[in-house]
Amino acid sequence: MLIFVGLVLIVAWCIAMIDTVGALFGQWSVVGDGRHLVFGFEITTLMLLLFVSVMIRRWVYLQSDSKKLRKIANFSLASLSLCMVGDVINFNLREQFYRHGEIIKHDYLADSVWFFAPGYVLLIMAVFSAINHFEALSRKKAQESAIDSHSNLYHIGHQFKLYILAIVAIVVGGSAFMSMYLPETGLYISVLTALHSIVITAVAVSAMMMIYSVGVKNMSTGLWCVVCGLLLAALADAIIGQYWIYGAQGEGFFPQVRYINWAIYITSQCLVILLPYYVVQHTKKAINTV
């Protein structure tokens, strides 16, 4: 399973890198006649990612009847699906600009938040479900072996963890938003971009909480890959806000920033959609070592 999924993901990632490198070196462009080739690369990449996510969900259902594990797989697939809709909006197929004011040229990016924000919320829910699952395994192992749990968040309640996540995301995400915000920006774009800044910061915080919960020594290579994917997702959206939406006084450093963002974003998606697979693998390892 992993070999097949890995090969498909490598193909998807390579297509994205060819798209990015070719565009950066002027072989094709999202501006002008070559834009259909770029969209062809990108749609193909997204379809491959969706295929992999569906396959992983199917594999999880075959491997386990655990509602918790299946919920993680469903959250992961739903997250990717919503983000894909946001991607299509960001393609700006109709080439419309300044739709919500005269300051932000690429304001269609704000429209995509209606899909990216809930998509990333679902991803956070998947991560938190995984964290709670890991802690349940840790408690069970501790009870059966009569030793203290390795989980650093063992004593912290679920609601308190959410409070920590919300507070850090609001403070850090809000500060990041204010650092790039242009005062003349309209209310619609301001609210949506501020909201997404908080949500995407929460994605990065959830990665840190996974490390803290599982423990550095107990993190598998696969889980480290997922953590890297979560952090790259935050980096990709930080680039969008700083350089695509609000960069150059609202003009955006376009199209170069678009190409760079795409490479980072696809890399992040290639990694985070593996979360359900590695949660199952971690579960099997934990059960076998009890």
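N92 sits in the loop between α3 and α4. Helices here are DSSP runs of H or I with at least four residues, and strands are E runs of at least two, numbered from the N terminus. The model is predicted: local features need pLDDT of at least 70, side-chain atom pairs count only at pLDDT 80 or more, and totals for chains, interfaces and linings use all residues. Residues are numbered from 1 along each chain as its sequence is written, and side-chain values use heavy atoms, with hydrogens and water left out.

Most residues other than glycine have a negative phi, and most peptide bonds are trans. N92 counts as buried because its relative accessibility is 9%. Buried means under 20% relative accessible area, exposed means over 50%, and partly exposed lies in between (1.4 Å probe, protein chains only).

E95 is found in the loop between α3 and α4. Its phi is also positive, about 50 degrees, although E95 is not a glycine. At 43% relative accessibility, E95 counts as partly exposed. E95 forms a salt bridge with R35, and the closest N and O atoms are 3.9 Å apart. A salt bridge here is a side-chain nitrogen of Lys or Arg within 4 Å of a carboxyl oxygen of Asp or Glu. R35 counts as buried, at 8% relative accessibility.

Helix α3 covers residues 67–91. S66 caps its N-terminal end: a side-chain oxygen lies 3.3 Å from the backbone nitrogen of K68. That is a polar contact (a pair of N or O atoms within 3.5 Å; within protein, one must be able to donate a hydrogen and the other to accept it, and residues adjacent in sequence count only if both atoms are side-chain atoms). At 1.5 Å a residue, the 25 residues of α3 should span 36 Å, and its end C-alpha atoms are 36 Å apart, which agrees. The expected span is 1.5 Å times one less than the number of residues.

Now follow R35 into α2. The 29 residues of α2 should span 42 Å, and the end C-alpha atoms are 42 Å apart, which agrees. Its buried residues include V38, F39, E42, L46, L49 and W59. An α-helix has 3.6 residues a turn, so residues three or four places apart point the same way. The cover over the buried residues of α2 includes α1 (2–24), α3, α9 and α10 (275–288).

F39 shows this packing. F39 lies in helix α2 (residues 35–63). At 7% relative accessibility, F39 counts as buried. Leaving aside neighbours within four places in sequence, F39 is in contact (heavy atoms within 4.5 Å) with V30, F91, L93 and R258. The C-alpha atoms of F39 and F91 are separated by 7.6 Å, although the two are 52 residues apart along the chain.

R258 lies in helix α9 and E42 in helix α2, so the pair ties together parts that are 216 residues apart in sequence. Both R258 and E42 are buried.

The structure holds four salt bridges. One of them joins K161 and E135, at 3.0 Å from N to O. K161 is in helix α6 and E135 in helix α5, 26 residues apart. K161 counts as buried at 1% relative accessibility. E135 counts as buried at 3%.

Next comes S197, in helix α7 (residues 187–214). At 8% relative accessibility, S197 counts as buried. Its side chain reaches the backbone oxygen of G173 at 2.7 Å. S197 touches G173, A176 and F177, not counting residues up to four places away in sequence.

P255 lies between α8 (221–245) and α9 (256–272). The peptide bond from F254 to P255 is cis, with omega near 10 degrees.
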